[in-house]
Amino acid sequence: MKKMAALLLTALIAFSMTGCGDSSNSDTQADDTAGKGTASDQEEGDTKNTDSDEQAQDDPASGADGTETLKVAMELAYPPFETRDDAGNPAGVSVDLMKAFGEYAGYEIQIENTAWDGLIPALQTGAADLVISSMTITDERKELIDFSDPYANALLAVLANEDSEIASIDDLNQKGKVVAVKSGSTGHMYAEKNLTEAEVMAMPDESACVMEVSQGRADGFIYDQLTIYRNWQLNPDTTAAVFIPFQEPEKWGIAVRKGNQELLDQLNAFLAEYKENGGYDQLTEKHLAEEKKAFDELEFQWFFDKAGQ
């Protein structure tokens, strides 16, 4: 905590959260919800289909009442964006956003809990109609799938061990330093590319990375800004947060199967209207009120502020 005070004095510049996500989940489960969600750079191969297969995959299924059912894949392992409520039902920012889209476009939304590395394949094979899972828009992914307009902007941050003397990203890029990353996340990709002097330790999930840092087995954990903030607050005696920006903001988008322009157009029209009508403010108030207050005090740019840009 003592280190954090000094860091914040030098680091209070506007920036926004980072997109991330990934998973250690090996199974894909379907969760039916009425009217219904952090980032990695997995390189999944394209699934080849016949013309008739492609047409079938682009068409959502119809429910008993004739309402089209839209299968939405997300990894329910990233609160408060994609998670479950106390009853085990899908919940969070992304889930509510998709509920609103369903109401807007007349779809019944069916949430498919899908392991991170299965999200893009789910689109390619028709197992899902769209993906929203705090996924960063990247050029590599755009070769495989299409993205909506951005609905959030994001930055990476570092959760450091309190005794590691990490004050910037450069302090991690040293021989003998151990960097924990969530496997497949944009933090993982950043570390592999830029922290070549350090040992990069890929872990299956966020909680494992936090534990490694908290217990001193890793010097830092690279992940999105909001997650770093939340875990620093949960572990104030053993960790410190380094918010000094070290990369350009990333953009989160909703993914659809490549070439599904009709669904993409519906999403983009919805996102524009949703922003104009204050939908993001409602999401923030419901799921992220405390974090928004803290970010305002730290003079950080809120990650919904530039939605659509």
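Me: Across which strands does helix α9 lie, and at what angle does α9 run to β13?
Reply: This is a predicted model. Helix α9 covers residues 225–234. The strands that α9 lies across are β10, β13 (220–224) and β14. Its angle to β13 is about 130°.

Me: Which strands stand at the edges of the open sheet, and why is one side of each left without a neighbour?
Reply: The open sheet has 5 strands with mixed pairing, in the order β12-β11-β13-β10-β14. An edge strand here has a single partner strand, so one of its sides has no neighbour in the sheet. The strands at the edges are β12 (199–203) and β14 (239–242).

Me: Where do α3 and α11 meet, and what is the hand of their crossing?
Reply: The axes of α3 (residues 93–105) and α11 (residues 279–287) come within 10 Å and cross at roughly 145°. Val 93, Asp 96 and Leu 97 of α3 are in contact with Leu 283, Lys 286 and His 287 of α11. The residues of this contact divide into 3 nonpolar, 1 polar and 2 charged. The crossing is right-handed.

Me: Which residues of α11 are buried, and what covers them?
Reply: The buried residues of α11 are Gly 279, Tyr 280, Leu 283, Thr 284 and His 287. They sit on the same side of α11, because they cover an arc of only 140° around the axis. On the other side, Asp 281, Gln 282, Glu 285 and Lys 286 are exposed. The cover over the buried residues includes α3, α10 (261–276) and α12 (289–297).

Me: Which residues does the cis peptide bond join, and what is its omega?
Reply: Most peptide bonds are trans. Here a cis bond joins Pro 79 and Pro 80. Pro 80 lies in the loop between β3 (68–74) and β4 (83–84). Omega of this bond is about 5°.

Me: Is Ser 134 buried or exposed?
Reply: Ser 134 is not a glycine, yet its phi is positive, at about 50°. Ser 134 is in the loop between β7 (130–131) and α5 (139–142). Its relative accessible area is 0%, and buried means under 20%. Ser 134 is therefore buried.

Me: Is Glu 165 buried or exposed?
Reply: Glu 165 has a positive phi near 60° and is found in the loop between β10 and α6 (169–172). Its relative accessibility is 67%, and the cut-off for exposed is over 50%. Glu 165 therefore counts as exposed.

Key: Residues numbered from 1 in each chain as written. Predicted model: local features only at pLDDT ≥ 70, side-chain atom pairs only at ≥ 80, totals over all residues. Heavy atoms only, no water. Axes fitted to C-alpha atoms, helices over the stretch in contact; angles between N-to-C directions. Helix = DSSP H or I, 4+ residues; strand = E, 2+ residues; numbered from the N terminus. Left-handed = near helix turned anticlockwise from the far one by under 90°. Contact = heavy atoms within 4.5 Å. Nonpolar A, V, L, I, M, F, W, Y, C, P; charged D, E, K, R; others polar. Buried < 20%, exposed > 50% of the residue type's maximum accessible area, 1.4 Å probe, protein only. Arc of directions from axis to C-beta. Pairing = 2+ DSSP bridges.
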